[in-house]
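Q: I have a structure open and would like to go through it piece by piece. Can we start with how the chains meet and then look at single residues?

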Amino acid sequence: MSELDRLQDFISAALRRRRDLSRDPVIVAQAEREIHATSHFSPARHLEIYREQFWLRHTQSLLEDFPGIAGILGQSDWERLVEEYLLAQPPASFSLRDLGEKLPAFLESADFLPQRELVLDMARLEWAHIEVFDAPALPPLAPESVATLDEEALASARLLLSPALRLLDLSYPVPELRNRLLSAKGSLVDLPLPEPSPTRLVLYRRELSTVHCRLRRAPFTLLEALSRGVSLGNACEAACALGEREAASVEREVATWFADWVARGFIVGVR
Amino acid sequence: MTERTTVPDLGVGVGLRVPHYRGVLERRPPLDFFEIISENFMVPGGKPRHHLERVLETYRVVQHGVSLDIGGPQGPSPEYLRRLKALARETGTPWVSDHFCWCGSSGVHLHDLLPLPYTEEAIRRVSERARVVQDTLELPFALENTSSYLTYRSSSMPEWEFLTEVTERADIGLLLDVNNIYVSSYNHGLDPIQFLEGIPAHRVVQIHVAGHTHVGEYIIDTHRGPILPPVWDLYRLAIERIGSVSTLIEWDDAIPELDVLLAEADQARSERDRALAARARGETSVDAEAVRAALCALRGQPAVRDPGWLQGGPRESAGKESDHEAA
Ligand SMILES: [Fe+2]
């Protein structure tokens, strides 16, 4: 390891420390070996300027991307979450856009948080927003390309879903809560938090805006199977296997669902 | 070979920032070019790319990056360079720039422009990598002097010598940030005139000017507020030394109305003309002693609370958008 690498490893680790560097004698001593003191600041205090910025910048970035979580938690729990998350998952991507990528997974074991299930659902929704926001736009499937398939070919067809689409199977109605929190601009204390209720969403881009629609259990199951590359026939079977009512609804409505999904640009190809 | 004479002088431009998209696209104001923060557009689609395409219909766009990490232990990632190059193909940028800095180690990206020690080891590392970056991008490549808030005991030369050595050995351009000279001079007790005289003028392919924030013991390169008079003086001094070179206004924090920014660009144009006229006459328009005196006078002047900094202003992001239920 070179001198330069050693210096950079020291600084990189120091900047991610949670507390004021001048309180840690080991860091103070090493900073004195590496960094000049000035008439106004000690070496550790010079480093501290950058350490404060590290936390400010990444906290701010997460707040921009996850305003719903911050709104549910309130300031002190939000700050605790950010601190624990950044310590466990230091930023690795060149882009701040990716900073929250591992937040939903992190939340699954974040037992210290109140309302964890609600927060987790919000994290899934907000991360999906980020992914849908700048995903590639592909032209929707031309209806003719399925019209020519016979019944057997149709059953074995695998449909390609739009990359600017996410399916979310959630326990809380978080889209409405997020919109209320966004319009309250952070002053959230009095907002009643919702009771659990199954919320199956398709989040997708229409023109340049992100919108969502809710799906009942059968069409959601069908679409979710398609997203995993399951053939159309098997996806329909999976939806029918949910129960008699669902099977009847697949039978009756599948053509309508498809027409709607194609019109909304959910389906972009057929294999 | 990347030198001032091998890249075009684009005139005066401003940084393209999210709050101005609407005004820019509706009014298409007369501006010589926009500079974009490359990372904000290294995504496959959606609003960022849509807005960039609309801007490219009317304007030249120059790419400036903040995350290359030319000086860290790992060095630039091949995937990053691949995406940067793909974007450069689409924007038609005449050159690509980033900073003399490092951004993290052991797989961590700190999203900051951390200062390098001015050592032979750092010169070798940065110049070798810069050459590879320039060859990979197949475009002129330039690095920018940064503002800094600490200096290393291991440094064995002044910053301007370091910049000169790297740009010469790597055969790359220098993006000269005049405000950063001012900020670092205050923070480290340097003479900004000597700094400016020490840089390799023939390597300068672009100049940045920006506002800064005086927080007392040090100045932060916040890119907030208008450019202050001593920085305009330094800018004219730079133009008198270098000649006509593309100039960019950076304004990333407390971003003003578009018209305020356009007025700042007009001011840059007139400062540039004034300096070029003085240069043509073999004179100077700058009282160097006054610049030094302004810097000294800052000590003890009232300061604001540390406002923090973020390179490149806000990203266009999903977080601020509420979504509605589709019909
Ligand atoms: Fe700059």
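Predicted model: local features only at pLDDT ≥ 70, side-chain atom pairs only at ≥ 80, totals over all residues.

Q: How many residues does each chain put into the contact?
A: Chain A brings 62 residues and chain B brings 60 residues.

Q: And what is the area buried between chain A and chain B?
A: It is about 5,400 Å², and carbon and sulfur atoms give 57% of that. In chain A, the residues that lose the most area to chain B are A:Y50, A:F94 and A:F133, together 17% of what that side buries.

Q: Why quote an area at all?
A: The size of an interface is often given as the accessible area lost when the parts come together.

Q: How many salt bridges are there across the interface of chain A and chain B?
A: The rule finds 2 salt bridges there. A:R57 forms a salt bridge with B:D112, and the closest N and O atoms are 3.1 Å apart.

Q: Which rings are in a cluster with A:Y50?
A: Ring pairs link A:Y50 with A:F41, B:Y149 and B:Y218 into a cluster.

Q: Now the sheet with β11(B) in it. What is the strand order?
A: The order is β2(A)-β3(A)-β4(A)-β11(B), in an open sheet of 4 strands with mixed pairing. β2 (165-170) of chain A and β11 of chain B stand at the edges, each with a single partner strand, so one side of each has no neighbour in the sheet.

Q: In which sense do β3 and β4 of chain A pair?
A: β3 (residues 199-206) and β4 (residues 209-214) of chain A pair in the antiparallel sense, over 6 bridges. They form a hairpin with 2 residues between them, and A:E207 in the turn has a positive phi of about 55 degrees.

Q: And β4(A) with β11(B), parallel or antiparallel?
A: β4(A) pairs with β11 (residues 324-325) of chain B in the parallel sense, over 2 bridges.

Q: Which residues face each other there?
A: A:V211 has B:H324 in β11(B) as its bridge partner, and A:H212 stands opposite B:E325. A:H212 is also the bridge partner of A:L203.

Q: Where do B:Y118 and B:F162 lie?
A: B:Y118 is in the loop between β4 (96-99) and α4 (120-137) of chain B, and B:F162 is in helix α5 of chain B, so the pair ties together parts that are 44 residues apart in sequence.

Q: Are B:Y118 and B:F162 buried or exposed?
A: Both B:Y118 and B:F162 are buried.

Q: What else touches B:Y118?
A: B:S155 does; leaving out residues up to four places away in sequence, B:S155 touches B:P117, B:Y118 and B:T119. B:S155 lies in the loop between β5 (141-144) and α5 of chain B. Its relative accessible area is 24%, so B:S155 is partly exposed.

Q: Which charged ends sit over rings?
A: Among them, the charged end of A:R18 sits over the ring of A:W55, 4.2 Å from its centre. The charged end of B:R299 sits over the ring of B:Y186, 4.0 Å from its centre.

Q: Last one. What does A:P140 touch?
A: Not counting residues up to four places away in sequence, A:P140 touches A:V262, A:G265, A:I267 and A:V268. A:P140 and A:G265 are 125 residues apart along the chain, with their C-alpha atoms separated by 4.7 Å. A:P140 itself lies in the loop between α7 (116-133) and α8 (144-147) of chain A.

Conventions. Residues numbered from 1 in each chain as written. Chains lettered and ligands numbered in written order. Heavy atoms only, no water. Buried < 20%, exposed > 50% of the residue type's maximum accessible area, 1.4 Å probe, protein only. Phe/Tyr/Trp six-rings, centres within 6.5 Å; stacked < 30°, edge-to-face > 60°. Lys NZ or Arg CZ within 6 Å of the ring centre and 35° of its normal. Pairing = 2+ DSSP bridges. Contact = heavy atoms within 4.5 Å. Buried area = accessible area lost by both parts, 1.4 Å probe. Salt bridge = Lys/Arg side-chain N within 4 Å of Asp/Glu carboxyl O.
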